[in-house]
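Hi everyone, and thanks for coming. Please have a look at the model on the screen, and then I'll walk you through it.

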Amino acid sequence: MFHLSDNAKEWIKDIGLAVIIAVLILQFIKPTIVQEHSMENTLKSGDYLFVSKQSYKLFGKDPGRGDIIVFHSSLTTAAGKEKLLVKRVIAVPGDTISISNGVVYLNGDPLIEGYTKDGYTDTELSEITIPEGKLFCMGDNRQNSADSRDSRIGLVDDDLILGKVVFRLFPFNKIGGLYK
């Protein structure tokens, strides 16, 4: 008959507990690495982020203007896999948005966007109203971002949102939350 020592039983118990905790954490948090330049200077390629998968679902809260979200897209990587995009929410349902002469207008007023890389949005967009269940999202690096201005992406459907970016773990000199 096989008999485990008390020490072996403790190891098995500790490993089992660690696996259960890891599975529970991954239900709420998805680690993500930024691989593009569309969110510079806020996020850079190689930044390691924690995305809260339950921010909106668990607390019944809707994405807000200024939130940085990760969502599924119809774009694919070079390997043919679905591309997750990281973008900032600019307009929510009921908002109107337009872009003219490098300025984004939200509900008729110029949007103050201190987070953009160049302080300029190079697209012209006639005023549109954001319908229920959709978001208008853009990268902070407006000259290098495939986002809601791009017909391949368009308005982001609520059902495609993976979660809200809540924490940067790497690089270590920028560790911490992303919202002030």
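I'll talk about a pocket, a surface patch, some backbone details and the salt bridges.

First, a word on the source: this is a predicted model, where local features need pLDDT of at least 70 and side-chain atom pairs count only at pLDDT 80 or more, while totals for chains, interfaces and linings use all residues. Residues are numbered from 1 along each chain as its sequence is written, and side-chain values use heavy atoms, with hydrogens and water left out.

Let's start with the pocket. Rolling a probe the size of a water molecule over the atoms shows where empty space is left. On a 1 Å grid over the protein atoms alone, a pocket is an open set of points where a 1.4 Å probe fits, with protein on both sides within 12 Å along at least five of seven lines; its lining residues have an atom within 4 Å of a point. The largest pocket holds about 390 Å³ of space, and that volume is the space filled by probe spheres set on the points, which are joined across faces, edges and corners. Its lining has 17 residues, and Ile33, Gln35, Lys83, Leu84 and Leu85 are the closest to the centre.

Which strand gives the most to this lining? Strand 4 does, with six residues. Strand 4 covers 82-91, and strand 1, at 29-33, also supplies at least two residues. Strands (E, at least two residues) and helices (H or I, at least four) are DSSP runs, numbered from the N terminus.

Now to the surface. Trp11, Ile15 and Val19 form a nonpolar patch with about 340 Å² of accessible area together. Patch members have over 30% relative accessible area and no salt bridge, with nonpolar side chains (Val, Leu, Ile, Met, Phe, Trp, Tyr) joined within 5 Å and, in charged patches, like charges within 9 Å. The areas come from the Shrake-Rupley method with a 1.4 Å probe, and for residues only the protein chains shown count as cover. Trp11 sits in helix 1, residues 6-28.

Is Trp11 buried or exposed? Trp11 counts as exposed because its relative accessibility is 57%; the cut-offs are under 20% for buried, over 50% for exposed, and partly exposed in between (1.4 Å probe, protein chains only).

Next, the backbone. The peptide bond from Glu40 to Asn41 is cis, with omega near 10°, and Asn41 is in the loop between strand 1 and strand 2. Another cis bond joins Phe170 and Pro171, with omega about 10°. Asn101 has a positive phi, near 50°, and is exposed at 63% relative accessible area. Asn107 also has a positive phi, near 55°, but Asn107 is partly exposed at 39%.

Finally, how many salt bridges are there? The structure holds eleven, each being a side-chain nitrogen of Lys or Arg within 4 Å of a carboxyl oxygen of Asp or Glu. Glu40 comes back here: Lys117 forms a salt bridge with Glu40, with the closest N and O atoms 3.0 Å apart. The two are 77 residues apart in the chain. Lys117 is partly exposed at 34%, whereas Glu40 is buried at 11%.

Arg88 pairs with Asp140 at 2.8 Å, linking strand 4 to the loop between strand 9 and strand 10. Arg88 and Asp140 are both buried. Arg149 and Asp147 meet at 2.9 Å, N to O, and salt bridges that share partners join these two and Asp122 into one network.
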